[in-house]
Amino acid sequence: MEQRHLGRTGLRVSRIGLGTLTWGRDTDEHDAADLLKTFWEAGGTLVDTADVYGDGEAEYLLGRLMEGLIPRRDLVISTKAGSVPDPDRRFDGSRGHLLSALDASLARLGTDYVDVWHIHAFDPYTPLEETLQTLDLAVSSGRVRYAGVSNFCGWQLAKAATWQLAAPGTRTRLASTQLEYSLLQRGVEREVLPAALDLGIGMLPSSPLGRGVLTGKYRNATPADSRGASEHLAPFVAPYLDDTAGRIVDAVQTAADGLAVSPLQVALAWVRDRPGVTAPVIGARNAQQLTAALSVEALSLPDEICRALDDVSAPVHRYPDHDWSTL
């Protein structure tokens with residue numbers, strides 16, 4: 001698998017990442033082992049997790065598999081901290097919480113460092129400089145190699161990255177940002193992606209298949225074994241089952257038919273090769289699904305197909321997101 005630099009850093013990662021959102025909850029150890037081995041054998045290196053996935057079970061499971069299945073040195077491990085199970089305060093970016101969360105993540109993963117550590121979301125109740133200083137502490141201690149943020153909007157990302165760049169050599173440059181990005185969700189193109197491109201921050205799109213909808217599996221009905229039929233994941237899929245999404249899914253199917261490939265391959269190739277994207281993170285349910293996704297490595301979409309998909313899925317960008325003189 002082709003390797004790409006993560007933002008403006010020397011770290012190289014596979015241009016497709018493996019997500020672990022369901023590990024330890026819907027994905028058991030046997031299936032997780034099959035997924036990780038399939039990914040590694042295909043040349044994949046970037047594995048993304050978080051301290052809250054499966055209430056910590058995803059990290060624990062990944063750690064066990066690194067211990068007995070895949071050498072730690074062969075993987076680029078990305079994890080996240082900052083989400084908390086508190087209905088009154090969903091995110092905690094304080095120094096105390098983040099450092100404790102990092103120590104707990106390292107213990108579950110069975111490693112003394114993570115390659116990339118992301119702040120899971122912006123915490124409005126903690127001064128941003130406190131959160132960012134925590135990234136610096138984590139990197140300077142050797143427990144973290146590179147740092148990033150997740151689910152930051154445009155101004156939050158720009159402010160954080162600029163703060164870190166203000167004192168080079170003292171502060172840790174942001175390497176990456178992780179947000180949802182697909183043909184069904186192009187909101188990052190308004191401000192986040194332009195900021196990331198300008199600041200040299202690599203984009204790691206989550207849900208690049210539109211929460212599974214872009215595979216076409218929901219065109220006629222909801223499969224019984226799909227996330228859309230799952231009690232706790234159905235609300236996650238539902239927003240992408242409207243008429244607007246249906247038109248985009250139909251366009252992806254038409255492109256796939258013309259290229260003699262699957263809709264999954266078309267949707268994944270589209271987001272993988274967008275400007276600023278380093279590696280989409282896919283969350284396959286089993287090794288068969290993952291193998292189908294990894295087959296996109298050999299596919300590059302023709303320009304005319306990309307333009308057609310761009311047009312049918314184009315978000316509305318008006319003032320002030322675009323230069324006012326062009327409106």
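How many positive and how many negative side chains does the protein chain have, and how far apart do the centres of the two sets lie? In this predicted model, the protein chain carries 42 negative and 31 positive side chains, and 3 Å separates the centres of the two sets. The accessible surface of the protein chain amounts to about 14,500 Å², of which carbon and sulfur atoms supply 50%.

The secondary structure of the protein chain consists of eleven helices and ten strands. Its radius of gyration is 19 Å, close to the 20 Å given by the globule rule for 327 residues, so the protein chain is as compact as a globular protein of that length. Of contacts between residues at least 6 apart in sequence, 78% join residues at least 24 apart.

Turning to the interior, 52% of the 327 residues count as buried. The largest nonpolar core comprises 83 residues, and Trp23, Leu36, Trp117 and Leu157 have the most contacts inside it. Helix 9, covering residues 263-272, gives the most to this core, contributing seven residues. Apart from this core lies another, of ten residues, including Leu6, Val13, Ala175 and Leu204.

Leaving aside residues up to four places away in sequence, Leu36 touches Leu18, Trp23, Val47, Leu62, Leu65, Ile70 and Leu75.

How values were computed. Residues are numbered from 1 along each chain as its sequence is written. This is a predicted model: local features need pLDDT of at least 70, side-chain atom pairs count only at pLDDT 80 or more; totals for chains, interfaces and linings use all residues. Side-chain values use heavy atoms; hydrogens and water are left out. Helices (H or I, at least four residues) and strands (E, at least two) are DSSP runs, numbered from the N terminus. The radius of gyration is taken over C-alpha atoms; the globule rule is 2.2 Å times the number of residues to the power 0.38. Buried means under 20% relative accessible area, exposed over 50%, partly exposed in between (1.4 Å probe, protein chains only). Contact means heavy atoms within 4.5 Å. Accessible areas come from the Shrake-Rupley method with a 1.4 Å probe; for residues, only the protein chains shown count as cover. Lys and Arg count as positive and Asp and Glu as negative; His and the chain ends are not counted. The place of a charge is taken as NZ of Lys, CZ of Arg, CG of Asp or CD of Glu. A nonpolar core is a set of buried Ala, Val, Leu, Ile, Met, Phe, Trp, Tyr and Cys residues joined through side-chain atoms within 4.5 Å.
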